[in-house]
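Subject: Structure handover

Hi,

Here is the structure for you to look at. Please open it alongside this message.

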Amino acid sequence: MMSKRMILNETSWFGRGAIKNLTHEIKRRGYKKALIVTDSGLVRCGIVNSITALLDAEKCTYAIYDEVVPNPGIVEVKRGVQAFKNAEADYLIAIGGGSPQDTSKAIGIIINNPEFADVRSLEGCADTKHPSIPIIAIPTTAGTAAEVTINYVITDDEKQRKFVCVDPHDIPLVAIIDANLMDAMPPALKAATGMDALTHAIEGYITLGAWTLTDALHLKAIEIIGSALRGSVTGDPQSGEDMALAQYIAGMGFSNVGLGLVHGMAHPLGALYSTPHGVANAILLPWVMEWNAQYTGEKYRDIAKALGVSHVESLSIEEARKAAVAAVRQLSIDTRIPKTLADVGMKLEDIPFLAQAALDDVCTGGNPRLATLEDITQLYQQAYSGLLS
């Protein structure tokens with residue numbers, strides 16, 4: 001076997017109440033002043049204040065940058081870099097879902113690698129020389145796993161596209177995964193982020209770079225999500241805690257082996273229409289799974305079993321593959337995910353632009369089946385109409 005690499009956080013904390021370890025991590029590392037990177041909604045709802053109260057009690061100083069928006073762009077990153085400099089901070093605390101986490105990674109990389117200050121040069125596998133400014137990542141959604149990945153996504157509004165950055169130097173040093181900070185998510189957001197996590201796990205399981213260790217992580221994540229997502233959406237506390245863990249487990253895997261065509265096709269939707277990333281993934285996932293099926297060996301049988309399909313061992317390989325796709329579709333239905341891309345505002349006339357952007361996306365290269373522009377066009381059409389072409 002060729003050599004394989006795993007990159008994970010230096011320290012991670014899990015469980016309800018884990019946030020209480022924040023100031024311990026700050027003090028033992030000797031950090032002086034944080035720039036908190038977050039969004040205004042999390043400030044208004046009190047989540048940020050609950051965390052700054054812990055900092056205040058231990059006399060940990062900080063400044064707040066709360067201008068992050070969904071699908072953050074180059075402007076938000078550049079403003080964050082300036083906010084870090086203005087604050088004279090020496091580390092970052094990222095509070096929020098994927099958007100604040102990704103923005104923090106870009107800020108942290110640019111501060112220590114100023115030659116990448118234009119932001120666009122970070123696309124792909126940028127040859128940065130120095131690790132990011134230290135980041136403590138505190139997720140408030142159960143889906144993106146940005147707190148444990150070496151990936152981040154930035155929107156180029158000028159060119160109406162998203163670009164993926166893959167850099168081992170950007171991983172947060174500390175991650176604190178506390179489901180108490182996720183309980184306030186509305187049901188639709190719990191569903192969308194949960195389906196994002198499922199997409200991570202399934203694509204990570206079948207991607208070209210998959211191997212034994214990441215397979216184990218992804219299968220466990222699929223199993224937990226299959227049993228916990230419905231309960232999480234309806235507000236069951238234990239299911240919520242299970243989802244917080246499951247999305248992190250999926251992140252441990254896919255960060256190290258890559259994803260596939262679902263993410264390649266979802267990114268342009270977010271850039272062009274601001275489609276919520278998890279919703280785009282959830283709509284696309286069963287269509288791409290069907291299209292990939294013949295290139296996945298027995299892995300769909302494993303997915304079906306992890307999702308609770310009974311007697312899957314007795315099914316033919318074709319039946320097992322159909323069962324896996326059906327189980328994914330049913331999970332989306334049960335959690336009230338929109339059914340088609342038409343339902344979330346995609347326009348048919350934009351498909352040529354979307355398809356080219358998806359073909360060029362870095363995630364697409366990890367797909368187990370080689371996709372052409374025509375293939376992607378057809379998949380967008382199917383996911384738009386909800387009908388087989």
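This is a predicted model: local features need pLDDT of at least 70, side-chain atom pairs count only at pLDDT 80 or more; totals for chains, interfaces and linings use all residues.

Start with the open sheet. It has 6 strands, in the order E1-E8-E5-E4-E2-E3, and the pairing is parallel. Which strands stand at the edges? They are E1 and strand E3 (61-65). Each has a single partner strand, so one side of each is left without a neighbour in the sheet. On average, neighbouring strands are turned by 15 degrees against each other, direction ignored.

Strand E5 (residues 135-139) runs parallel to strand E8 (residues 174-177), and 2 bridges link them. Ala137 sits opposite Ala175 in E8.

Helix H4 (residues 74-87) touches strand E2 (33-37), E3 and strand E4 (91-96). The direction of H4 makes about 155 degrees with that of E3. Helix H5 (residues 98-112) touches E2, E4 and E5. Its direction makes about 165 degrees with that of E4.

The hairpin

Next, strands E6 and E7. Strand E6 (residues 151-156) pairs with strand E7 (residues 161-166) in the antiparallel sense, over 6 bridges. Ile154 has Phe163 in E7 as its bridge partner. The hairpin has 4 residues between the strands. Gln160 takes a positive phi there, near 50 degrees.

The H9/H10 pair

Two packed helices are described by the angle between their axes and the distance between the axes. For helix H9 (residues 261-273) and helix H10 (residues 277-292), the angle is about 140 degrees and the axes are 8 Å apart. The crossing of H9 with H10 is right-handed.

Which residues meet in this contact? From H9 come Leu261, Val262, His263, Met265, Ala266, His267 and Leu269. From H10 come His277, Ala280, Asn281, Leu284, Leu285, Val288 and Trp291. By type, the contact holds 10 nonpolar residues, 4 polar ones and no charged ones.

Gly15 comes first. It lies in the loop between strand E1 (11-14) and helix H1 (22-29). Is Gly15 buried or exposed? Its relative accessible area is 17%, so Gly15 counts as buried, the cut-off being under 20%. Leaving out residues up to four places away in sequence, Gly15 touches Ile177, Asp178 and Glu241. Ile177 belongs to E8, which spans residues 174-177. For a sense of span, take Leu370. It is 355 residues from Gly15 along the chain, and the two C-alpha atoms are separated by 40 Å.

Asp215 is buried, with a relative accessible area of 17%. Not counting residues up to four places away in sequence, Asp215 touches Tyr205, Ala210 and Lys299.

Ser232 is also buried, at a relative accessible area of 7%. What is Ser232 in contact with, leaving aside neighbours within four places in sequence? The partners are Lys190, Ser239, Gly240 and Met243.

Best wishes

Terms used
Residues are numbered from 1 along each chain as its sequence is written. Side-chain values use heavy atoms; hydrogens and water are left out. Buried means under 20% relative accessible area, exposed over 50%, partly exposed in between (1.4 Å probe, protein chains only). Contact means heavy atoms within 4.5 Å. Axes are lines fitted to C-alpha atoms, for helices over the stretch in contact, and angles run from 0 to 180 degrees between N-to-C directions. A crossing is left-handed if the near helix is turned anticlockwise from the far one by less than a right angle, and right-handed if clockwise. Ala, Val, Leu, Ile, Met, Phe, Trp, Tyr, Cys and Pro count as nonpolar, Asp, Glu, Lys and Arg as charged, and the others, Gly among them, as polar. Two strands pair if DSSP finds at least two bridges between them.
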